[in-house]
Each structure stands twice: as C-alpha cells, then as structure tokens.
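Open the model in your viewer and keep the selection panel at hand. We will go stop by stop.

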Amino acid sequence: MTDQAFPTAPRRSRNVPLSKIALRWGLYLILCVFALYYLMPLFVMLTTSLKSIEEIRSGSLVALPRDITFDAWATAWSGACTGIQCEGLRPYFWNSVLIAVPAVILSTGIGALNGYVVAQWRFRGANLFFSLMLFGCFIPFQVVLLPMARVLGLMGIAGTIPGLIFVHVIYGIGFTTLFFRNYYVSIPSELVKAAKVDGAGFFRILWSIFLPLSLPIIVVTVIWQFTQIWNDFLFGVSFSQAGTQPVTVALNNIVNSTTGIKEYNVDMAAAIIAALPTLLVYVVAGKYFIRGLTAGSVKG
Amino acid sequence: MSEWLERHIPKIVMAPSFVAIMIFVYGFIGWTAWVSLTRSRLLPKYEVEGFFQYGRLFAAPRWDTAMNNLFIFGTLFILISMVLGLLIAILLDQKIRTEGVLRTVYLYPMALSMIVTGTAWKWILNPGLGIESVVQGWGFENFEFDWLVNPDYAIYTVVIAGVWQASGFVMALFLAGLRSVDQEIIKAAQVDGIPTRRIYSAIIIPSMAPIFLSAFIVLSHLAIKSFDLVIALTGGGPGYATDLPATYMYAMAFSRGDIGQAASSAMIMMLVVFTIVVPYLYSELRAKND
C-alpha cells in the first residue's frame, strides 16, 4: 500500500553507531506494541468466534481456541435471534447489499454530474450552491430525522428498502459532489473551451474527456460511499421496520437481545460478518480508502 | 431552442440536486426548528409557543447528563486521539521499513462500523469474562475493572473504544502533514546540528497547524454525532449514565414519543456542530475563492 500522500523517505546510510541501532530496535518495539493494541480487538473477536460457549466461560479472553468450531459462525449467519425472529444475519446482510449497491451507484453518478458542473461550467450562483451543499455535509443528521420520517411516510416508502436508498442518496450527494468537484477543478478549463470550439456539447465533453480521466476519483467515491452506507446505523434504525433492517441494526439486535443466555461467540462471529465487506474493501483498496478519508475531511 | 438548452444545461443538471438540498437539508432544518418552538408531543403541532421546549430540555437531568457526557467524551476523545495519532505518526516517520504494513494495521478500525467496534469492546471490557478476568488470571486477584457497568466510569469506556477507532485516522492525517513539510528546511536544520526533538517541536509541528485544525474539526464532528458507538457499547446505560445528545434525541423521537424534546435537542446539537464547523468552512471557502 504505497500512496502519493506518504512518499517514502530515502534510505539511511550504513555504518551506524550501536546506540542508534538500539534506539531503532526500541522504536520498532514501540510500533509493534501499538500494532498489537489495534489488532487485539480483532484477534479477540476472531478467537472468541471460534470457541464453544463452554470454552469461553472456562478459558481466558486472550487464549487461542482449543477446539476450533465454526458453529457460532453458522448460527450467526442463519440462526441467531434478532428479537423474535431467528434467521441470523443473512437476510439483513442482503438488505444491506440491496441498499448499498443502488445508493452508491446513484449518489456517485449524481456527484459526478454536479462536480463537473461546479468545477467546469460555473454559472452565477454555482459557488453559492456548492457552499450550501458543503454545509449540508456537516449537519448532524438528528436534525433531519423527524421530518424525513414524515416525508418517507407521505411518499409511501417508509420502512422500505427504496426509502433507505433514497435517504442515503440525498445525504450522500454533498460528499460525492465535493469529491468530484475537487478532482475536476484541477483539469484545465482550456480543455473544455477547446472542445466547445470544436462543437462538443455538455454531455459530449463529460463523456469523452472527463469520464475517461475519472477512474481514480470514481474508485475513491465508490469506496467512501460504500463504507458510509454499509456502516450506517442511524438511518437504518430510524427508517426501517422488521424485515428491512440493514446488517448493522440486525447485529445490534442480536448482541442486545435479552432472551436466552448470552452467546458471545455468536455475537463476535456476527460482528465479523457485518464488518467483512468494508474490511475487504479496505484491504484490497486501502490507498483509495485513505485518500477518500483525507480528501473528504481535510479539504473543503 | 437547442441553443437555449445547450446554454442552460448545466443549471438544469444541477437543479434536482439543488431542490433536494434545499428541501431535505435546509427545509428540514427549518421544520425541526419550527417544531422545537411548539408544544408537540406524540404528534407535531404547529402553533409556535416560544422556547418552552428548550426550557424543559435544560431542566431535564437526563439532558444535563448527556451534555456533561458529551463534554467529557469529546474532550478526552479529541485530546487522546490527537496525542496518540501524532505520536505514532512521528514514530512512523523515522524511515520505518515496514511502514506500509503498520499503517494498514493502525488504520483498519476506521473501516469498521461503530456498531462492530462497540460490540467488540463490550465483550473485551465486560467485567465477568473480559480484561478483568484476564488480569485476575495473571495473579492479580484483586484487580477490578468494571467501568462498563459502573455509572461513574462507563463514559470512559466509550472514550476507549472511540480512540481505538479514530486515532489511526488522525495518524494518517498527521503523517501526510509531516511528509508535506519542506524537506530542505529540515535538512538545513540537521546540518546545523539541531537535535531531532527540537526540529520537531520548533519547525515541523508548528508548520502543521492547519492539520491540527482539520483533525480537531473532524474529531469534534465525530464526537457530536456519536450515536452508534454508545448504542452498541452501553446502550446509553447503566441507566442513562452514558447518554449523549444523539442518543437522547433518538430516545425522545422514537421511543418516548416526545417530538418537541427531540426537535429541540437536535437543534442544540446542530448549534454545537455549527459553532465549530461554520467558521472553519467559511475560512476554507474564502481562502479558495481568493
């Protein structure tokens, strides 16, 4: 994972004194301790999910499992109870997929169009619009929960998956516009002018000049939106009903359901299942993930 | 006709987003503000009654707890994440050969849902089988660590989990900042024999002021919006010892059926966010347009 954001420094020279070597070993040690701190919860989740409940009760939190069993994973996937229903995470996992995929595609597409306009087709008021949009990115969503619940009801999509897609698209376009705008603004406007002289129109220029250049920012935006929407809980818990909850809500229900004995191994397996898609994205495309994080939060 | 269309097409393309933002962001904020000034309970009423709801809000002990918690959590979460993030970034900046791997490890929590983070730490911190029993197993029989279920300390468990999730991200911000400092100045200082510690404290860190500001903005924004983490880790409990404004608002809106309180608490949250974010965004936009 090498990123332009972190250019590597040149290698140190040879023949270093002993004290410096000791210092470097100390440095590596401290860095490894930090790494252990960040990895510990994942390790505990994984080992706990592979133990039987008896072993959890008798053994130590940090011990490796004696007998590895995947029962907890099977239960978490298709048998754990979220309240009165006991179908595991599976249906809710698919709900999240059904919500995230269209919402990511729509919000990315709209963001690309908006960003293209704000960056390259400035008209009077375009900057004001962009500022309004940017401020909209920072509102605490609590302030729109109540009216949104009513409007979804009026639109007849309250508690449905299309309703959740709608909400995620609406509150996603601020960020997606920001991403594309910041990317397109660095493309020289002479390019657009020259294309216009050649008779190319708005969509022709977007399609033949901008889109072919856009792959990196599309990847960044898709990853950002996917992570946001997959990990969302507030909208999911506010605007869903039994059967349409996303995976985060179902996970919380499994962990906090009060019926029966606490099955920590099932809880942990469920947590890992819910985390897998975004973790996978992070491992596969980490540098784009980081670029989205820093771009989305640092520069307005 | 087609010429008119060609000239106005950028506006037409933007129009739906513009309308959506005006309705679903600003219109909704207006609606919430309006309702916060009424006596709405289970159903919204639209007769403005003044600041009655805000009076109720500030008189409510539960809201008092929520604001106190936000202050404790926010301060510690921001401070510890920044210190830890900066420390790790500086250590990582020493030409570490395995930097890529370490960076990946430090940052992965940011990819997780707060619900997952909360679930994991709830298990790790639970007094019966978690860290407490591990340390007791090492021979420290009298070791006690019941913060998760102790009303006086439960909010600090939210800090622990929050810092774990966000500090790697702060590290990434700072690391990018460290790398963007002019290498020539650093080299010149090294040639002059200035010790590394002084180079950091006198040259590098002061030049990263904008990064500190953005890290602060992002973290405070995260802190105020924290909802999922508390729900998954403590459920706001024990009692309402770990309530934050976000959980208070949710409880009023969806389980207590007190729309007036929900609206007024949401407005206060927005006020807090905007007093922090607006000056920042304003200066950013100004700087860009100049």
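The tour starts at the chain interface and then turns to aromatic rings.

This is a predicted model: local features need pLDDT of at least 70, side-chain atom pairs count only at pLDDT 80 or more, and totals for chains, interfaces and linings use all residues. Residues are numbered from 1 along each chain as its sequence is written, chains are lettered from A in the order in which they are written, and side-chain values use heavy atoms, without hydrogens and water.

**Stop 1: the interface.** Select chain B against chain A. 97 residues of chain B are in contact with 96 of chain A (heavy atoms within 4.5 Å). About 8,800 Å² is buried between them, 76% of it from carbon and sulfur atoms (accessible area, 1.4 Å probe, lost on being put together, summed over both parts). Now pick B:M14, B:Y108 and B:W123. In chain B they lose the most area to chain A, together 8% of what that side buries.

Stop 2: Select A:F233 and B:F227. Their pair is tilted, 5.8 Å centre to centre, with 35 degrees between the planes (ring centres of Phe, Tyr and Trp, the last by its six-membered ring, within 6.5 Å; stacked under 30 degrees, edge-to-face over 60, the rest tilted). A:F233 is buried at 2% relative accessibility (buried under 20%, exposed over 50%, partly exposed in between; 1.4 Å probe, protein chains only). B:F227 is also buried, at 2%.

**Stop 3: inside chain A.** Select A:Y116 and A:W121. They pair edge-to-face, 6.2 Å centre to centre and 65 degrees between the planes. Both belong to one aromatic cluster, which includes A:F180 and A:F210.

Terms used. Buried area is the accessible area (1.4 Å probe) that two parts lose on being put together, summed over both.
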